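This report goes through the sheets, helix packing, ligand surroundings and backbone details of one structure. The sequence and coordinates come first.

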Amino acid sequence: MEKYKIVVCDHIHEEGLNLLRRDDKIDMVFAADMDKTALLDVIKEADVAITRSSTDVDEKFINAVKGKMKAIVRAGVGVDNVDIPGCSKEGIIVMNVPTANTIAAVELTMTHMLSCMRMFPYSHDHLKNQRIWKREKWYGYELKGKKLGVIGFGNIGSRVGIRSKAFEMDVIAYDPYIHPSKATDVGVKYTTNFDDILSCDIITIHTPKNKETVGMIGADEIAKMKDGVVLINCARGGLYDEDALYDGLKSGKIRFAGIDVFNKEPAIDNKLLDLDNICVSPHLGANTFESQYNIAVEAAQQAIEAAKGIAYPHALNLPIDETKIPAFVKPFLEMGQKIGFLASQMNKAPIVSIKVSGRGDIAEYVNSLATFVTVGALADISGDTINYVNADFVAKERGIKVETEELPASPVYKNLVTVKLTTDKDVIEISATMFNDDVQRIVDINGFGVDVEPKGNMILFKNTDVPGVIGQVGTLLAAHEVNIADFRLGRNKSSEALAVIIVDSAVNDKTLKELSNLNACISVSYARI
Ligand SMILES: NC(=O)c1ccc[n+]([C@@H]2O[C@H](COP(=O)([O-])OP(=O)(O)OC[C@H]3O[C@@H](n4cnc5c(N)ncnc54)[C@H](O)[C@@H]3O)[C@@H](O)[C@H]2O)c1
Ligand SMILES: O=C(O)CC[C@@H](O)C(=O)O
């Protein structure tokens with residue numbers, strides 16, 4: 001029995017490993033203790049990898065796995081150490097486990113906030129390790145009545161906000177990507193003015209690390225802050241510029257900082273560790289037993305489903321989120337792929353552009369449709385290497401322009417999709433719709449009205465519209481023992497006709513050549529769907 005190989009690149013809870021071991025279709029390789037260079041050799045044969053923050057999915061990793069690996073499951077939230085565009089280019093689906101460690105990170109943030117306000121680790125060290133009892137040295141501050149600025153009000157930030165309200169803090173959120181009511185509904189103020197955050201007593205950040213957020217708090221922002229501000233970062237190293245943070249702490253402008261994450265980890269040589277007004281932890285945001293159990297189980301389940309090709313939960317680079325696609329759209333996507341494939345076979349030459357237009361409700365989903373059409377159109381030239389993840393990249397790499405267009409509703413069809421495929425030889429334009437929500441129908445090919453299902457062995461025979469042609473075609477096919485299953489005819493105003501002939505068996509080149517030699521024939525093409 002063929003088995004799928006899942007390589008576990010970092011430590012995860014035993015329960016996740018057990019799930020992988022128990023599945024008789026999975027061959028699990030535990031490589032968490034392996035040196036990262038040796039890992040590159042092991043992952044070559046893997047169908048799926050499970051990684052955490054200790055394994056960077058970078059160029060070296062991707063080069064090692066490309067061609068074989070289907071998916072990577074990041075057992076956690078942050079994917080800043082995963083080269084997602086690089087994975088997409090190789091058709092590797094990237095998934096994360098977005099909520100299993102939320103509470104762990106929220107509670108660590110509260111721990112840091114309280115520790116900073118009471119300098120708890122330092123008083124602890126004084127008594128426990130230095131055996132000094134000096135109560136007057138350790139006056140701290142209360143959370144009550146302090147203004148807390150939360151940058152990023154997602155899963156973690158919002159829960160930090162709610163818990164901080166219970167400490168009677170005045171909480172204000174900055175997150176341009178949420179609806180303000182997400183904050184105001186839980187009694188948190190909402191601002192779009194970043195300066196409102198900078199004027200807070202305590203600031204905590206909970207955004208992803210990306211181009212927009214890296215260094216979001218630097219020297220200029222710190223200069224605008226209150227003297228004695230407290231800064232917390234349990235999200236990602238580098239969101240606070242570390243040099244600016246160091247200078248701010250050293251000068252006393254920042255009274256205290258609580259930091260779980262660093263620009264470069266492990267952070268044993270980081271200069272921030274030399275300061276006396278900082279509480280640190282070695283990236284422990286997700287380190288609770290509950291969270292690690294949940295993450296490992298979810299990551300293992302996701303990896304198994306991906307390896308078997310069943311589903312890709314929490315995929316970050318699939319062009320469509322299946323859960324957000326209405327049921328009526330899915331058959332259109334499937335049909336779009338077939339039309340793309342058909343068009344590329346009818347117009348066999350290097351593709352210059354693909355244009356996908358939508359009319360009716362389907363128009364809103366024209367971008368997803370374009371991905372499916374592209375996969376179909378490039379299937380013949382790219383074989384197994386093209387999929388929904390890398391379709392855009394493959395098209396771009398081949399210099400193929402993919403365009404979409406949302407058009408007004410058609411007067412005839414509730415929904416209509418048109419695919420125009422231009423090669424350096426010809427242009428083919430196919431329109432199709434869906435009857436009764438699941439019957440696929442091509443209704444137009446290059447201006448010829450037809451009514452045919454995109455299915456099976458299809459001969460497209462274009463001829464001058466003169467009597468006797470249908471008989472000649474039928475006789476010729478019969479002579480080659482090709483049985484006609486369906487024959488659909490369309491005419492245009494220039495006295496031309498297009499026959500779409502569905503036949504029961506594959507048609508060889510000799511038969512097609514003889515068809516093209518018939519007097520009335522203008523062109524013949526053949527497609528197998
Ligand atoms: N320390 C740890 O071990 C640990 C554990 C879990 C998560 N994390 C990190 O915590 C962070 C938050 O995780 P989450 O689960 O809450 O993610 P999330 O996606 O639920 O929330 C992130 C929020 O940030 C907002 N955001 C994005 N760009 C922004 C910007 N420029 N300005 C303001 N807001 C912006 C988003 O709109 C979103 O609401 C991530 O960086 C994640 O990697 C760390
Ligand atoms: O344990 C890890 O891999 C870190 C997890 C955490 O930073 C996350 O982003 O989910």
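In the hairpin formed by β16 and β17, three residues lie between the strands, and N436 takes a positive phi near 50 degrees. Helices (H or I, at least four residues) and strands (E, at least two) are DSSP runs, numbered from the N terminus, and two strands pair if DSSP finds at least two bridges between them. This is a predicted model, in which local features need pLDDT of at least 70 and side-chain atom pairs count only at pLDDT 80 or more, while totals for chains, interfaces and linings use all residues. Residues are numbered from 1 along each chain as its sequence is written, and chains are lettered from A and ligands numbered from 1 in the order in which they are written.

β16 and β17 (residues 439-445) run antiparallel and are joined by six bridges; I430 has I445 of β17 as its bridge partner. T418 is bridged to S431 in β16. β15 and β16 form a hairpin with three residues between them.

## The parallel sheet

Strands of a sheet pair through backbone hydrogen bonds, either parallel or antiparallel. An open sheet of five strands has the order β2-β1-β3-β4-β5, with parallel pairing. Its edges are β2 (26-30) and β5 (93-96); each has a single partner strand, so one side of each is left without a neighbour in the sheet. The twist from one strand to the next averages 20 degrees (axes are lines fitted to C-alpha atoms, for helices over the stretch in contact, and angles run from 0 to 180 degrees between N-to-C directions).

Within this sheet, β1 (residues 4-8) runs parallel to β2 and is joined to β2 by five bridges. Y4 has I26 as its bridge partner in β2. Helix α1 (residues 14-22) lies across β1 and β2, and runs at about 145 degrees to β2; contact here requires C-beta atoms, placed from the backbone, within 7 Å.

## The antiparallel sheet and the ACT annotation

The unreviewed UniProt entry annotates residues 458-529 as "domain: ACT"; UniProt positions are given in the numbering used here, feature names are shortened, and annotations may be inferred rather than shown by experiment. The span 458-529 is 26% helix and 43% strand, and its end C-alpha atoms lie 8 Å apart.

Four strands form an open sheet in the order β20-β21-β19-β22, with antiparallel pairing. β20 (484-491) and β22 (521-528) are the edge strands, each with a single partner strand, so one side of each is left without a neighbour in the sheet. Neighbouring strands are turned by 15 degrees against each other on average, direction ignored. Eight bridges join β19 (residues 457-464) to β21 (residues 496-503), which run antiparallel, and I459 stands opposite I501 in β21. Helix α17 (residues 509-516) packs on the sheet, touching β19 and β22, and its direction makes about 155 degrees with that of β22. α13 also lies across β19 and β22, running at about 135 degrees to β22.

## Packing of α13 and α14

The axes of α13 (residues 329-346) and α14 (residues 366-382) come within 7 Å and cross at roughly 35 degrees. Residues making the contact include F332, L333 and F341 of α13 and L369, F372 and V373 of α14.

By class, the contact of α13 with α14 has eleven nonpolar, eight polar and two charged residues. Ala, Val, Leu, Ile, Met, Phe, Trp, Tyr, Cys and Pro count as nonpolar, Asp, Glu, Lys and Arg as charged, and the others, Gly among them, as polar.

## Ligand surroundings

Ligand 1 is surrounded by 31 residues, the closest being G78, G152, G154, Y177 and G285; a residue is near a molecule if its C-beta atom, placed from the backbone, lies within 6 Å of it. α5 (102-118) and α7 (155-166) are the elements that give two or more residues to this shell. α7 gives the largest share, three residues. The shell around ligand 1 has 14 nonpolar, twelve polar and five charged residues.

Ligand 2 is surrounded by R52, S53, G76, V77, G78, N101, H283, G285 and A286. Of the residues in this shell, two are nonpolar, six polar and one charged.

## Backbone details

The peptide bond from E265 to P266 is cis, with omega near 0 degrees. P266 is in the loop between β11 (254-259) and β12 (278-280).

M119 is not a glycine, yet has a positive phi of about 50 degrees. M119 lies in the loop between α5 and α6 (120-128).

Notes
Contact = placed C-beta atoms within 7 Å.
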